[in-house]
Amino acid sequence: MAVAAAAYAGKYGIRAWQAFKARPPTARMRKFYEGGFQPAMTRREAALILGVRESTPTEKVKEAHRRVMVANHPDAGGSHYLASKINEAKDIMLRRTKGSNSAF
């Protein structure tokens with residue numbers, strides 16, 4: 001009787017492990033913004049570009065700008081267009097400009 005119980009437990013354990021491995025992957029990373037750029041950058045769009053909230057303090061905005069810019073800098077293989085949008089997003093978040101003044 002004990003051998004049969006152990007066999008059934010092993011059988012269901014193997015099935016459970018296979019079902020666990022076959023489950024669809026879950027998003028463990030934050031999902032990035034998939035839209036394009038708006039004609040005039042808004043504060044919401046600037047926050048999405050930098051990966052911060054709209055109410056983020058100045059120091060956190062500067063840290064986020066640096067982190068995103070290092071990853072997308074033209075000297076490191078990034079795009080001039082993206083770099084200009086990242087700089088524009090920082091200016092919007094720090095309230096230095098009111099509209100879009102991108103060169104592109």
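Colleague: Which residues are buried in helix H2?
Modeller: This is a predicted model, and in it helix H2 covers residues 43-50. A residue counts as buried when its relative accessible area is under 20%. In H2 the buried ones are Glu-45, Ala-46, Ala-47, Ile-49 and Leu-50.

Colleague: Against which helices do the buried residues of H2 pack?
Modeller: Happy to trace that one. H2 itself is followed by Gly-51, which has a positive phi near 75 degrees. The partners of the buried H2 residues are helix H3 (58-72) and helix H4 (80-93).

Colleague: How many helices does the protein chain have overall?
Modeller: Along the sequence the pattern reads α-α-α-α. The chain has zero strands, and its helices number four.

Colleague: Is Ile-86 buried or exposed, and what is its relative accessible area?
Modeller: Setting aside residues up to four places away in sequence, Ile-86 touches Ile-49, Leu-50, His-65, Val-68, Met-69 and Asn-72. The cut-off for buried is under 20%, so Ile-86 is buried, with a relative accessible area of 3%.

Colleague: How far apart in space are Ile-86 and Met-69?
Modeller: Met-69 is one of the residues that Ile-86 touches. The two are 17 residues apart in sequence, and their C-alpha to C-alpha distance is 6.9 Å.

Colleague: Which side chains meet in a salt bridge, and where are they in the structure?
Modeller: Side chains of opposite charge can pair when their charged atoms come close. A search of the whole structure finds one salt bridge, with an N to O distance of 3.6 Å.

Colleague: Why do Lys-85 and Glu-88 count as buried?
Modeller: The test is a relative accessible area under 20%. Lys-85 counts as buried because its relative accessibility is 4%. Glu-88 also counts as buried, because its value is 2%.

Colleague: What is the nearest side chain of opposite charge to Lys-90?
Modeller: Lys-90 is placed in helix H4 and is buried, yet has no salt bridge. Beyond its neighbours within four places in sequence, Lys-90 is in contact with Leu-50, Val-61, His-65 and Arg-96. A salt bridge needs nitrogen and oxygen within 4 Å. At 4.9 Å away, the nearest side chain of opposite charge is Asp-91.

Colleague: Where does the charged end of Arg-23 sit, and how far from the ring centre?
Modeller: Let's finish with the rings. The structure holds one aromatic pair. Elsewhere on the topic of rings, Lys-11 lies over the face of Tyr-12, at 6.0 Å from the ring centre. The charged end of Arg-23 sits over the ring of Phe-20, and its distance from the centre is 4.1 Å.

Definitions and conventions:
Residues numbered from 1 in each chain as written. Predicted model: local features only at pLDDT ≥ 70, side-chain atom pairs only at ≥ 80, totals over all residues. Heavy atoms only, no water. Buried < 20%, exposed > 50% of the residue type's maximum accessible area, 1.4 Å probe, protein only. Helix = DSSP H or I, 4+ residues; strand = E, 2+ residues; numbered from the N terminus. Contact = heavy atoms within 4.5 Å. Phe/Tyr/Trp six-rings, centres within 6.5 Å; stacked < 30°, edge-to-face > 60°. Lys NZ or Arg CZ within 6 Å of the ring centre and 35° of its normal. Lys, Arg positive; Asp, Glu negative; His and termini not counted.
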